[in-house]
Amino acid sequence: MERNSHLRTTIGEPLLNTVGASRVLMVGAGGIGCELLKNLVMSGFQDIVIIDLDTIDLSNLNRQFLFQKQHIKKSKAKIARESALEFNPNVRIEARHQNIKEEEFSVEWFKGFDLVMNALDNLDARRHVNKMCLAAKVPLIESGTAGYLGQVTVISGDLTECFDCLSKETPKTFPVCTIRSTPSTPIHCIVWAKSYLFGLLFGNAEDDDDEVMVKEDNADDETAKELETLKAESQALKTILAQAGQEGFTELVFNKVFGTDIERLRKMEDMWKTRAAPTPLNYNQIMDITGHLSQQLNVAPESTTLKDQRVWTLPETVTVFGDSLVRLTERLKELRESDPEASISFDKDDAETLDFVTATANLRAHVYGIEEKSRFDVKAMAGNIIPAIATTNAIVAGLMVMLAFKILNKRIADCKTTYLVYDSRGDRDQLLISEKLAKPNPRCYICRNAYIGLKIDTTTSTVQDFVDIMEDGGMTDVEIQENGRVIHDPDFDDNLGKTLAELQLTNGKFVDLVDVDDRKVIVYIIHRDSAALDGEKFILEGDVHKALVQQDKLRKTLEQLKAADAAEEALEAARKAASAPAHKHVEDSDIVMLEEEETRKRKRDGSLEILENGPLKKSSLTEPAHPSELGGGSQQPHAVSNDGVGDGTSAEQAVDVDEVVMVDGEEVDVVILE
Amino acid sequence: MALPQQHTISEDEAALYDRQIRLWGAEAQLRMRNASILIAGMRGLSNEVCKNIILAGVGSITILDHENITEQDFGSQFLIRGAALGTNRAAAAAEKARLLNPRVNVIVDQEDIVKKDDAFFQQFNIVCLVGCTIDQMIRVDDACRASEKRTGFYAANVYGFNGYIFCDLKDHHYRVERQEENAATVIIQKHHTYDSLSDVLLARFGFPTPRKLRRKVSPLLLAIQVLWQFQQQHGGRLPQSSSQEDLATMLQLRDTKLKDAQVDPAFVDDSLIQVLVSTGSAEIMPVCAVVGGYLAQDILKTLSAKDAPILNHYIYSGMEATGVVHHIKKE
């Protein structure tokens, strides 16, 4: 009886051979990745490539079991490989300490795999791998966990929904006035501390326009005036910065941002008609009351709770504010001695930056009478930390290998999307919920499109040559864009004589084409020296004509959808007209919330399902099955999410959704490049 | 579960366990830190459970196994290394298990479980039996129920694509936190009573319609109970995958079992019994990972006295990708 006898008994000799002969790519060697790699090397896989750009951190060790303390700061991919080889030395593992988005990992490179498995923690990389797999026509197993919750699914060309078929929650954004003038929740104060004040004090002068704060487009005169004043205030603070390092600097900054600025805001009576006005703080007054502050900080807290989990007293907060401000200012000064452009950015694992943000956010919260938060909580909210445990990752990684068996056994249609739900109250009978893979969204630009490879010498071939190739394939009056950049259209032919390389249309680039009949094709460039093209000028990997025929079909479907939507909207309007308007005297903030709810509804309705050979039908479960809708109870991520740490573009954030007012203009149903 | 309340979580532990403390809280972490657990029977599934609960940071874990490593064991026991062939399973696994988290005390016990008296099991907070015979399971379960320490009992195994977890906590008190509309957290105290394994095996269902029955019990659980009976009658061995005779015996045992349990004989069809016979002796990594993940999570839940543990069976079907909880009572 040898090593694989259990496997042979269970999955059978033929499948065991297929598994052994397959080549798989694992993207991510973190929480899910460690478990997945162990499962793969123990399940008959012989040829595995792992890629991860990250290095090992202390907070990984509670679940990423291939890593130990002595591995901190080393490459995750490389250490994962070493550790996994100990489980099974007979496996070939190639470890790459790189970003999957690098150019060398082209569509061609993806084509070298039978299967790709995502064990990622951010939306951006997931989107990228999704697209590469669609272009390379390689099946993808997608996974995600957040705390006790998790999800696995399969993405495969025309068979299933792709990662971009449904819009994912965008990173939370806040109206600039909420952050700068009228905060009402702890997260508003944290965003102000982290994204506004921190950037102003320790960032570069030019990048103080922050993405998390969104300016209202239709700002009225009052708002516009307020924005002007705020700008002036920022300028005033910058002049104080010139005094950094001098005696009384802390007091100056403190009294400016928590004193003078607040006093000015307080005078704007209209602002405080419906909310409590802020109370300014004065540095010397707090100092007078409290005396020897720095000593107080060292006193052990009375309770047994951890230092980090206790909310600081006001004097403690002021001390931490002053202390971290001085240290960060000194650090910046040192950095700028060698690089005048140097800046410090917020990092949740950088104790001084976290101290500063915690103290600043809490002082602001104090001013506005908002609940203050512990350093532990601020870390999660400012750093987008998602709780993560070994068991959820282990279960998800196990389910991924079960899917891999089915896919390699050519039974992709038998695969299901599986959700891990959590049962805190003991009233559920299903802890794993599986359902059929969803069909592609016909509006999805990413997967409802033809991907065609073009082997060409980019240094000698021109845009004219490219246009000719595509028009010979059946496109007329073609428009060409690359990542939103217009390369050519019938009214803009300046680039026709330039080579592709001159316009950075180089190896691995995706080029979006659309013709006069609105038919779309995505071409990915594969650079080949002329000598390597067997005497041809170019080689197309795919049939442009066939792609155009498909596009015609798709456009018909979309037209039907549009008609169905219009009918639906008319019905909705009629329904609305029939019922009396419910909200007449709502406050501003309520309106925003209502709009958000509306957007969500529309987002849900936006996705439609086509029954094969049947009429168009609205899907009742368009967000990938919300187990909470199936049984109530715990909250479930509706987008595949992260293990451990979000990067700001993640689907899930540690902040409570109810606390966040989203700006609704940021959300789009389905991205269709026009 | 009565656990001593001592010490506090150190700052170092808080940093190491940061991502999980954010999920289950410092109090749960402290309870885990003070707990002792026995894992009896080192197999692929036990390797998974050990890994998961050691990473979580329990106080001590004792691994009990008297057998030596065979070539086959390398297929699912990732904690053992090639050089350990022929040496004791528990000792070999412990070496790597310790590296997972040096804060956890990993104790090796190489004695045969049959030689252990009841008092041995009663010293732990949780006892978990993996791949043991039904006679051992019943004996140890009874010992745990009689324990002054209110030892919690788990038994589990995987068979090919399938697996089960059984849990008996006698009477278990736990709390559930609920977020109110106004963002306030409300703590609810709850309580569950568990039947013993010997009582559970006597459950009668009273011939309900298949639909009603399916809500109470899955065919797979009944088939697994039949498998236990087979082992009981064959000196602990599992059916041989290609043996027609063993299959026939299993089908007979099924008929008797279903009759006794007052279940329509068609409820557990032949093909299910066939699958169990042909793959029952095999444990594969992904199934170990799923069942081991749930088992470890449930042990941690029980230790932390927060949220409801499994009451009282969890059945995983790899082919259907389902994980279902069944509360089987003696009635």
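Leaving aside neighbours within four places in sequence, with which residues is A:Glu35 in contact? Contact here means heavy atoms within 4.5 Å. On that basis A:Glu35 touches A:Arg63, A:Phe65, A:Ala390, A:Asn393, A:Ala394 and A:Ala397, together with B:Glu48, B:Lys51 and B:Asn52.

This is a predicted model, in which local features need pLDDT of at least 70 and side-chain atom pairs count only at pLDDT 80 or more, while totals for chains, interfaces and linings use all residues. Residues are numbered from 1 along each chain as its sequence is written, chains are lettered from A and ligands numbered from 1 in the order in which they are written, and side-chain values use heavy atoms, with hydrogens and water left out.

**Chains**

- Chain A contains 20 helices and 18 strands, where helices (H or I, at least four residues) and strands (E, at least two) are DSSP runs numbered from the N terminus.
- Chain B contains 12 helices and 10 strands.
- Of the 674 residues of chain A, 54% are buried; buried means under 20% relative accessible area, exposed over 50%, and partly exposed in between (1.4 Å probe, protein chains only).
- In chain B, 63% of the 331 residues are buried.
- Among contacts with a separation of 6 or more, residues 24 or more positions apart account for 71% in chain A and for 66% in chain B.

**Helix 3 of chain A and A:Glu35**

- Helix 3 of chain A is largely enclosed by the rest of the structure, because 11 of its 11 residues are buried.
- The buried residues include A:Ile32, A:Cys34, A:Leu36, A:Leu37, A:Leu40 and A:Val41, and also A:Lys38 and A:Asn39.
- A:Glu35 belongs to this helix and counts as buried because its relative accessibility is 0%.
- The side chains of A:Glu35 and A:Lys38 are joined by a polar contact of 3.0 Å; a polar contact is a pair of N or O atoms within 3.5 Å, and within protein one must be able to donate a hydrogen and the other to accept it, with residues adjacent in sequence counting only if both atoms are side-chain atoms.

**Helix 3 of chain A against helix 3 of chain B**

- The axes of helix 3 (residues 31-41) of chain A and helix 3 (residues 44-56) of chain B come within 14 Å and cross at roughly 165°.
- Axes are lines fitted to C-alpha atoms, for helices over the stretch in contact, and angles run from 0 to 180 degrees between N-to-C directions.
- The two helices are therefore roughly antiparallel to each other; angles under 35 degrees count as roughly parallel, over 145 as roughly antiparallel, 65 to 115 as roughly perpendicular and the rest as oblique.
- A:Glu35, A:Lys38 and A:Asn39 meet B:Glu48, B:Lys51 and B:Asn52.
- The residues of this contact between helix 3 of chain A and helix 3 of chain B comprise no nonpolar, two polar and four charged; Ala, Val, Leu, Ile, Met, Phe, Trp, Tyr, Cys and Pro count as nonpolar, Asp, Glu, Lys and Arg as charged, and the others, Gly among them, as polar.

**Helices 8 and 13 of chain A**

- Helix 8 (residues 186-202) of chain A packs against helix 13 of chain A at an angle of about 45°, with the axes 10 Å apart, and is therefore oblique to helix 13.
- A:Phe198, A:Leu201 and A:Phe202 of helix 8 meet A:Leu325, A:Leu328, A:Thr329, A:Leu332 and A:Arg336 of helix 13.
- By class, the contact of helix 8 with helix 13 has six nonpolar, one polar and one charged residues.

**A:Asp349**

- A:Asp349 lies in the loop between helix 13 (314-338) and helix 14 (351-368) of chain A.
- A:Asp349 counts as partly exposed because its relative accessibility is 40%.
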